[in-house]
Amino acid sequence: MSEIVVAARDLTRDYRTGRSRVRALRGVSIAVPDGDFLAVTGPSGSGKSTLLHLLGGVDTPTSGEVVFLGRDLAGMSVEERAALRLEQVGLVFQRFHLLPMLTALENVELPLAAARVPRKLRRARAAAVLERVALADRLHHRPGELSGGQCQRVAIARALANEPALVLADEPTGELDRATSRQVLALFQSLNADGTTLVVATHDLELAAGAKRMIEVVDGRTIP
Amino acid sequence: MLRPRVAKRVGKRVLKRILPRRCALVVSAASIALSTWVPLEAHAQECPTGLEVLVERPFADAAGLTAGSTVVMRSTIEGEPCNAVVAGIFEPPPDPASLNTTRPRVLFHLPHLQAMTGRGNEVDYFTVRMRPGTDLAALAADLEPLLPGAQVLPVSEVAERSSTTFRVVSRFHTAIAVITLIAGGVFLGCIMILKVQERRLPIAAARLTGIPRRLLFWWTVAEAAMLSTLGGAAGFGVGVASSAVVNAYYQRYYDTTLVFSQVTGAVVTEALALAVLLGMAAGVFAATRLLTSDPLDEMGR
């Protein structure tokens with residue numbers, strides 16, 4: 001049986017907006033085994049992004065627990081969770097969020113530098129990851145010189161740089177056209193075939209259909 | 001280091017008179033008194049024989065005088081006109097105090113001047129160059145009792161007393177510089193905040209991916225310091241160029257060799273140090289604002 005990368009049990013997450021309290025997640029339980037490719041779908045505001053943030057240790061639940069590679073995130077400090085994310089979690093955002101003054105190579109190098117990977121090694125590894133996402137000819141281009149699809153592939157390369165146990169992608173095709181979205185899906189499938197574990201929150205039914213399995217989040221609850 | 005000189009002020013008023021003719025000439029005893037001060041008895045005004053004068057270059061140029069020209073000199077408007085030969089033209093020493101004066105300077109031999117003015121026993125001041133190592137304070141203390149009514153001062157103190165106007169001007173310059181630096185610092189701070197605002201989302205994303213705040217903080221500060229150093233270097237270039245333009249313009253305007261603007265090593269060092277410090281302060285301010293917020297809030301949660 002595959003090792004469980006991340007497991008969430010009975011998660012709730014409340015937010016305060018002014019005087020009112022919003023419950024974004026209501027008792028969600030989920031387990032992501034190694035090598036999984038899970039699509040999380042659902043309407044806007046249903047709690048997909050919140051679930052991803054909790055699985056990645058970006059946010060902390062109001063109640064419930066998240067166990068990442070056997071470690072309960074509730075017992076970890078902010079710094080420990082940041083270190084865990086740096087080494088074990090790759091994040092891909094809808095709007096790429098690349099640093100505009102850095103080249104593609106430097107953007108991918110950044111998490112490696114933060115993880116204190118030696119300069120030569122991190123340069124070689126960043127170049128290899130960019131080659132893996134078919135951007136070997138764009139290493140020294142800045143985000144402003146790249147298309148949306150290319151930027152998202154740089155962002156995916158950045159997420160893969162530290163060879164994480166889990167890649168979380170929040171609406172990764174939300175800013176892309178259909179053809180480019182298909183390229184991103186193909187890339188995810190290829191990465192997954194190579195052993196990368198992926199959880200993708202998306203509205204894109206074509207992307208969701210391309211995943212190994214899918215769950216739907218509606219009003220903070222999962223519908224299998 | 002100041003040359004060891006002692007200045008001495010003797011007697012009443014300075015021997016200065018505006019002489020007749022179209023261009024008034026100022027008679028100054030100071031320069032010639034350097035070497036030929038001799039106490040003489042008072043006598044009637046008269047034209048000395050073989051009267052020779054030196055004329056300052058800008059006036060000579062304006063009046064078309066050359067060495068060998070003849071000019072008419074009077075000690076007062078009613079004084080006896082005396083023919084004088086221009087023995088030479090001299091370049092006036094650069095002196096900010098004389099920039100706005102329209103009175104040209106002419107140098108006389110002291111006996112000639114005394115004869116023309118009839119004030120043979122009066123000398124305004126003279127300077128004495130001392131051998132290196134002379135104790136000026138001790139010498140001044142020894143000399144003053146011997147010269148009743150006289151003041152013996154080191155040249156540095158004479159310069160200090162005569163430059164109060166320029167000290168005031170200098171304070172104005174300092175005030176302007178301080179205001180400019182404060183305004184520049186605020187401007188730099190605004191630029192840094194704007195730059196940081198532009199990167200709010202990528203920096204928040206970087207924090208979410210686990211890149212330590214410390215790294216992002218020092219990165220922002222280093223970038224601000226680099227930006228301000230580059231700005232400082234550009235400012236240095238602009239300063240040198242502006243200084244050259246100011247000097248060229250005013251030296252031509254006032255027809256002088258006086259240096260109006262100087263970019264010294266000390267000024268450059270202070271300016272660059274201040275620029276880097278201000279840049280780092282702006283970077284710290286901007287980075288603190290950026291990194292104390294919740295990255296999820298920045299991303300719109």
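These entries record what I looked up in a predicted model with chains A and B.

**Entry 1. Conventions.** I noted that residues are numbered from 1 along each chain as its sequence is written, while chains are lettered from A and ligands numbered from 1 in the order in which they are written. As the model is predicted, local features need pLDDT of at least 70 and side-chain atom pairs count only at pLDDT 80 or more, whereas totals for chains, interfaces and linings use all residues.

**Entry 2. Chain A overall.** I found seven helices and ten strands in chain A; these are DSSP runs numbered from the N terminus, helices being H or I of at least four residues and strands E of at least two. I then looked at contacts (C-beta atoms, placed from the backbone, within 7 Å). Among those in chain A between residues at least 6 apart in sequence, 70% join residues at least 24 apart.

**Entry 3. Helix α6 of chain A.** I checked the length of this helix, residues 178–193. Its 16 residues should span 22 Å at 1.5 Å a residue, and the end C-alpha atoms are 22 Å apart, which agrees; the expected span is 1.5 Å times one less than the number of residues. Which residues of α6(A) are buried? They are Ser181(A), Val184(A), Leu185(A), Phe188(A) and Leu191(A). They cover an arc of only 125 degrees around the axis, which puts them on the same side of α6(A); the arc is that of the directions from the helix axis to the C-beta atoms. An α-helix has 3.6 residues a turn, so residues three or four places apart point the same way. Ala179(A), Ala186(A) and Ala193(A) are exposed on the other side of α6(A). The buried residues pack against β3, α5, β8 and α7 of chain A. Just after α6(A), I noted a positive phi of about 110 degrees at Gly195(A).

**Entry 4. Cores.** I looked up the nonpolar cores (buried Ala, Val, Leu, Ile, Met, Phe, Trp, Tyr and Cys residues joined through C-beta atoms within 7 Å). The largest has 86 residues, and Ala157(A), Val199(A) and Val200(A) have the most contacts inside it. Its largest share, seven residues, comes from α5(A).

**Entry 5. Where the chains meet.** I found 15 residues of chain A and twelve of chain B in the contact. Helix α7 of chain B, residues 200–208, gives the most to the chain B side, with five residues.

Note on methods:
Contact = placed C-beta atoms within 7 Å. Buried ≥ 20, exposed ≤ 12 C-beta atoms within 10 Å, placed from the backbone.
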